[in-house]
Amino acid sequence: LGPAAGRRRPGTPPPLSFDMAGGALGAVASAACGRHHRAAPESLWRALAALPRLECLELVRCVFPRGTASPARLVGGGSGGLAALRSLCLYRCAGLTADVLADLVALCPSLDTLELHHGCPWRRHHHHRVSREGQHDDEDDDARDAGVHSSSSDTDDQGLDDDEDDDDESRREDSDSDDGHSATSRTRDSMDDSDEHDDEDDSVAAWIAGVAMATTRVRTLRLGDGVDDAALEWVAQLGGLGGLNVMHTYACDRLGASLAAALAGRTTLVALSLHVDGATQSCDDVARVIAASPAAASLRVLMLGDHVPAHSQADLAADPNPSVGTHVGAVAGAAVAHRDTLTDAGLAALARSCRALTRLMIDDAGRITVLGAATLIQLTHSLDQLVLRRCFAPNFAGARALYDVAARRRVQVYWEPRPDQLGHLKQQGAGTAGGRAASSSGAS
């Protein structure tokens, strides 16, 4: 059980968390008992077959060896095996092919939540390949721009099950500091030392394709590192989704087109979370794609993170593990800033199309203004809650006006100032006064 198991909400079943700390399953089996390299995955499948009441499974930092056997013959289907499993998370895993994952998912008739993070995402894999070959592919470097991890990385910001998301993040932070060493580094080293993970079948896109061919029952999909255009295009095949969370978009060359494909014909999507963090990408463009999609009519919860970096993949490649939890990362010893790409125009597009929206969360949008936020509040008649984290310009002085508009529309506004705004707010007294006024009117 992960460290967060003791902080679960009452009645929430504990997940079974199988954490290999970046080690290869086959290598462990070979070192431990001298068996064939397939022994460890097969032992895992047998163990799962003995847990018929298991509801949540997490495979963390596992490297599956080439030729991993399908679980189909070891885990019984129907009323046995994994019949009760509702949630499956692959966190920083690699080596698992689409057909093996498809067979695993097919054994889970109750599965409705799936979370996928590749242990060797595009940026790290590409940088290692370039270093190994001793040359740069300029065309790839220009086309595939990557971004720094946002402060909201690896969490579900759709506004659903917030407490569980905090537990997940705490568990993963704890698991990454085992014995004082970076488990992420161990994972990367074990993957990069082998060419067998160059297989295109071992990717988030291939995983989603396998899942789409195995089931139509998945309702919530969370995607972390490794999401590219192909992955988003395969999301379109999961027609029953009610919740979609894309935590990183840096590996997408055509984010607008691939996101449009993922949302095409989707009229049951209730919650959508997108962290835009590719250097050539624009949160305004993403907002317009969402507004023009069929999903706009059904969305009730929307989260947008404007985490577009000011540097390209070529600059960021020197630091494969930018600091999580800070808006400014370190690359080759220098500070890396982000550029603001969400404006009032993007907010207006969302307000005009997302008529059923009840909760909107915006992160790190320095270019939006109090006028844009107020217009959004006035246009979205169903809006109950607006969360603005680290938004507006450094000299922002419109808190009182924002709270007043929200109070008149009975909308709760939660505003988290940026550090560079605090001094100005103390001088103006706007944050404290505005907060009191909003609280007395039913907004906060």
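**A strand and its partners**

Leu244 has Leu272 as its bridge partner in β7. Keep in mind that this is a predicted model.

Q: Which strand does β6 run parallel to, and how many bridges join the two?
A: Leu244 pairs with Leu272 of β7, so let's look at the whole strands. Strand β6 covers residues 243-246. It runs parallel to β7, and the bridges joining them number four.

Q: Which helix makes a β-α-β unit with β6 and β7?
A: The unit is a right-handed one, with β6 and β7 as its strands. The helix spans residues 255-263, and its name is α10.

Q: In β8, what is the bridge partner of Ser273?
A: Strand β8, residues 301-306, runs parallel to β7, and six bridges join them. Ser273 has its bridge partner in β8, and that residue is Met303.

Q: Through which helix does the chain cross from β7 to β8?
A: This is a β-α-β crossover, and it is right-handed. The chain leaves β7 and reaches β8 by way of α11.

Q: How many of the six residues of β7 are buried?
A: In a regular strand, side chains alternate between the two faces of the sheet. In β7, one side has Ala271, Ser273 and His275, and the other has Leu272, Leu274 and Val276. Both faces are covered, and those residues are all buried. For the strand at residues 271-276, the count is six of six.

**Charged pairs**

Q: What is the N to O distance between Asp285 and Arg288?
A: Side chains of opposite charge can pair when their charged atoms come close. Asp285 and Arg288 are three residues apart in helix α11 (residues 283-292), so about one helical turn separates them. Their side chains meet in a salt bridge, with an N to O distance of 2.7 Å.

Q: Is Glu42 buried or exposed?
A: Glu42 sits in helix α2 (residues 39-49) with Arg46, four residues away, about one turn of the helix. The two side chains meet in a salt bridge at 4.0 Å, N to O. Arg46 is partly exposed, with a relative accessible area of 46%. Glu42 has a relative accessibility of 15%, and because buried means under 20%, Glu42 counts as buried.

Q: How many residues apart are Arg86 and Glu55?
A: The side chains of Arg86 and Glu55 meet in a salt bridge at 3.1 Å, N to O. This pair links distant parts of the chain: Arg86 is in the loop between β2 (56-60) and β3 (87-93), and Glu55 is in the loop between α2 and β2, which puts them apart by 31 residues.

Q: Which residues are linked in a network of salt bridges?
A: A search of the whole structure turns up 12 salt bridges. The network links Asp363, Asp364, Arg389, Arg390 and Glu416.

**The whole protein**

Q: What percentage of the residues in the protein are buried?
A: The protein has 17 helices and 13 strands, and its residues number 444. The buried share of the residues is 55%.

Note on methods: Residues numbered from 1 in each chain as written. Predicted model: local features only at pLDDT ≥ 70, side-chain atom pairs only at ≥ 80, totals over all residues. Heavy atoms only, no water. Buried < 20%, exposed > 50% of the residue type's maximum accessible area, 1.4 Å probe, protein only. Right-handed = clockwise from strand over helix to strand, strands pointing away.
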